[in-house]
Amino acid sequence: MCTTPHPDARDAAERFLATNPGDPATYQRVAALEDDAVAMLGELAGLGDPTGYVASGGTEANIQAVRIARERADSPRPNVVVPESGHFSFQKAADVLEVELRLVPTDDDHRVDLEAVRASVDTDTALIVGVAGTTEYGRVDPIPELGRIADSVGALLHVDAAWGGFVLPFTDHEWHFGHAAVDTMAIDPHKMGQAAVPAGGLLARSDELLDELAVDTPYLESTAQATLTGTRSGAGVASAVAAMEALWPDGYREQYVRSQHNAEWLADALEKRGYEVVNPTLPLVAATVPRATFDALRAKGWRISRTATGELRVVCMPHVTREMLASFVGELDRLEVR
Ligand code: PLP
């Protein structure tokens, strides 16, 4: 789910490669850039006074969101309620942080089943997770309803918009801080944001939440650190700012429209050939293609992947062009192994 960085992002990454925002008192320029990155991410995500940092990716942001919730939980055995469509990073978070992971099923449209969420929460629930742009089907969970359920049991609400965060501002979905009582969010510049890897984003509604992550830093000039990693390259921070300065909002909007049209074109082409296709509500196409066809396409060099249930999965990232997709469909026709 990564893509070719925007030229400005590539250039900024090179210039800031040897800086370390983990030591902000020494690397002041990149530390200031990180403030800019958080401010811009907040604008995308409907958060007026944002706090957060540029993480190594969605995995770190999700782990840290679970950590914040665990620190605030008033329970010796806190649990975290996650849709089964949630990214596997929540499994890592549960393992590392020793919280109980309660996976809840999704409905026929691959969105979390709200009744199942209601049945899973209790007074030990520290966090409910909603996904805004699922990894496999690009679905957006009903975030406002999840917020109400979280409120009812005193839990926090985390939105994983790691992939969707840079396309959802141009849709009607209710996904961000302005739409619901969201507490934390993962939103990754290095995916649809066209920044260089590594550039993830963790946002929190308040300093008080982010402070749950702060540990003292005795040998540094700064006093506390909230990130999971210590030393980290400033390349991600600088490239995130450069990409957002170049593309927000018009460039991202144009890219979303292009990617969405591509996804709809591919879905239509596959449907016409008799494959069962999951309607692409965001720029991601999943279709039931025989395993032999999938393997043959991989063998020809197509970098396609599969969902957990075995469907072909094509993510229409910015580097994926209509010509590429047409050539892919041509290959599919030539294979004729169905
Ligand atoms: N969350 C979602 C929704 C994702 O799709 C992904 C990765 O594809 C992640 C989290 C993890 O992100 P990363 O691989 O940058 O750690």
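## Lys-191 and its contacts

In this predicted model, Lys-191 touches Met-1, Cys-2, Ala-162, Trp-163 and Phe-166, once residues up to four places away in sequence are left out of the count. Lys-191 sits in the loop between β6 (184-186) and β7 (200-204), and the UniProt annotation "modified residue: N6-(pyridoxal phosphate)lysine", which comes from an unreviewed entry, covers this residue.

Lys-191 has 28 other C-beta atoms within 10 Å and is therefore classed as buried, since the cut-off for that class is 20 or more.

## The shell around the ligand

The ligand is surrounded by 15 residues, of which Gly-57, Gly-58, Thr-59, Thr-135 and Ala-162 are the closest.

By residue class, the shell consists of 8 polar, 5 nonpolar and 2 charged residues. The element that gives the most to the shell is helix α3 (residues 58-72), which supplies 3 residues.

## Asn-62 in helix α3

Helix α3 also holds Asn-62, which counts as buried because 28 C-beta neighbours lie inside 10 Å. When neighbours within four places in sequence are set aside, the contacts of Asn-62 are His-87, Ser-89, Phe-90, Ala-93, Asp-160 and Ala-186.

Although Asn-62 and Val-159 are 97 residues apart along the chain, their C-alpha atoms are separated by 8.9 Å.

## Tyr-137 and the residues it meets

Tyr-137 belongs to the loop between β4 (125-131) and α6 (143-152), and this residue is classed as buried because it has 23 C-beta neighbours inside 10 Å.

Not counting residues up to four places away in sequence, Tyr-137 touches His-110, Val-278, Leu-284 and Ala-286. For the pair Tyr-137 and Ala-286, a distance of 149 residues along the chain goes with a C-alpha separation of 6.5 Å.

## The largest nonpolar core

The largest nonpolar core contains 101 residues, and the members that touch the most other members are Val-80, Leu-127, Ile-128 and Ala-238. Helix α8 (residues 234-247) gives the most to this core, contributing 9 residues.

Ala-238, one of those members with the most core contacts, is in contact with Ala-12, Ala-13, Arg-15, Phe-16, Val-30 and Leu-33, leaving aside its neighbours within four places in sequence.

Conventions. Residues are numbered from 1 along each chain as its sequence is written. This is a predicted model: local features need pLDDT of at least 70, side-chain atom pairs count only at pLDDT 80 or more; totals for chains, interfaces and linings use all residues. A residue is near a molecule or strand if its C-beta atom, placed from the backbone, lies within 6 Å of it. Helices (H or I, at least four residues) and strands (E, at least two) are DSSP runs, numbered from the N terminus. Ala, Val, Leu, Ile, Met, Phe, Trp, Tyr, Cys and Pro count as nonpolar, Asp, Glu, Lys and Arg as charged, and the others, Gly among them, as polar. A residue is buried if 20 or more other C-beta atoms lie within 10 Å of its own, exposed if 12 or fewer, and partly exposed in between; C-beta atoms are placed from the backbone. Two residues are in contact if their C-beta atoms, placed from the backbone, lie within 7 Å. A nonpolar core is a set of buried Ala, Val, Leu, Ile, Met, Phe, Trp, Tyr and Cys residues joined through C-beta atoms within 7 Å. UniProt positions are given in the numbering used here, feature names are shortened, and annotations may be inferred rather than shown by experiment.
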